[in-house]
Amino acid sequence: MRKRSWGFVVSGLLVALLLAGVVSGFASAHPDGLESALREGCTVDAEGAVTGGDCPAGQEREHEIGGPLADYGISGIADDTLSTGLSGIVGVLLTFALAGGGFWLVRRRAGHAGGDGDAAAQPTSVPRAS
C-alpha cells in the first residue's frame, strides 16, 4: 500500500476512534424510533421502565447472551460515559481489525489466483500490421 493510502486509512481510524470514544457520550438517552415504536401502547414510568399496558416492549427480558459490550457499555465500569466511550473504542478497533484482516486475505488470495502474478501483469507486444 502506498504511503498516501496509509495516511488516509490512519486518518479515518483516528476520526472513528474520536467519534466512538468522545462524541458517543453526548448521544441522546431518549429512545430511538425502534424503541419508541415498541413502547406504543405501554405505560412507562419516569425512569423509562415499562409498568403496564400491551406492547412488544413489555415482553423485554434481560440479554440472553449478555457479553462484555452489552447495552453499549463495558460491564464492570460504573461510569456510564466512560463505559460507553470505551465500548465504542473497542468496537471500532475490533471492526478495523476484522475488516483489515478480511481485506488482507482477499488481496493475498487474489494475488495467488492467477499463478505468477508478475508474469500475468507483463504487457504483451502485438505485431503491427503495415
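Is cysteine 55 buried or exposed? Cysteine 55 is buried, at 6% relative accessibility. Keep that residue in mind. One caution before going on: this is a predicted model.

First, the overall layout. The protein chain has 4 helices and 2 strands. Read from the N terminus, the order is α-α-β-β-α-α. The chain has 130 residues, and 8% of them count as buried. Its accessible surface is about 11000 Å². Carbon and sulfur atoms contribute 61% of that surface. Now contacts. Take those in the chain with a separation of 6 or more: 28% of them are between residues 24 or more positions apart.

Back to cysteine 55. Its partner is cysteine 42, and the two are joined by a disulfide. The S to S distance in the model is 1.4 Å. Searching the whole structure turns up 1 disulfide.

As for burial, cysteine 42 has a relative accessible area of 17%. The cut-off for buried is under 20%, so cysteine 42 counts as buried too.

Next, the surface. Six side chains make a nonpolar patch there: Val15, Leu18, Leu19, Val22, Val23 and Phe26. Together they have about 610 Å² of accessible area. Leucine 19 is one of them. Leucine 19 lies in helix α1, residues 3-21. Its relative accessibility is 47%, which makes leucine 19 partly exposed.

Now helix α3. Serine 83 is in this helix. Serine 83 is buried, at 6% relative accessibility. Which residues does serine 83 touch, leaving out those up to four places away in sequence? The answer is Tyr72, Gly73, Ile74 and Ile77.

Last stop, alanine 70. Alanine 70 belongs to the loop between β2 and α3. At 26% relative accessibility, alanine 70 is partly exposed. Compare its position with serine 87. Along the chain, alanine 70 and serine 87 are 17 residues apart. Their C-alpha atoms are separated by 9.1 Å.

Cysteine 42 is buried, and cysteine 55 is buried. That's it from me.

Notes
Residues are numbered from 1 along each chain as its sequence is written. This is a predicted model: local features need pLDDT of at least 70, side-chain atom pairs count only at pLDDT 80 or more; totals for chains, interfaces and linings use all residues. Side-chain values use heavy atoms; hydrogens and water are left out. A disulfide is a pair of cysteine sulfur atoms within 2.5 Å. Buried means under 20% relative accessible area, exposed over 50%, partly exposed in between (1.4 Å probe, protein chains only). Patches are made of residues with over 30% relative accessible area and no salt bridge: like charges are joined within 9 Å, nonpolar side chains (Val, Leu, Ile, Met, Phe, Trp, Tyr) within 5 Å. Accessible areas come from the Shrake-Rupley method with a 1.4 Å probe; for residues, only the protein chains shown count as cover. A salt bridge is a side-chain nitrogen of Lys or Arg within 4 Å of a carboxyl oxygen of Asp or Glu. Contact means heavy atoms within 4.5 Å.
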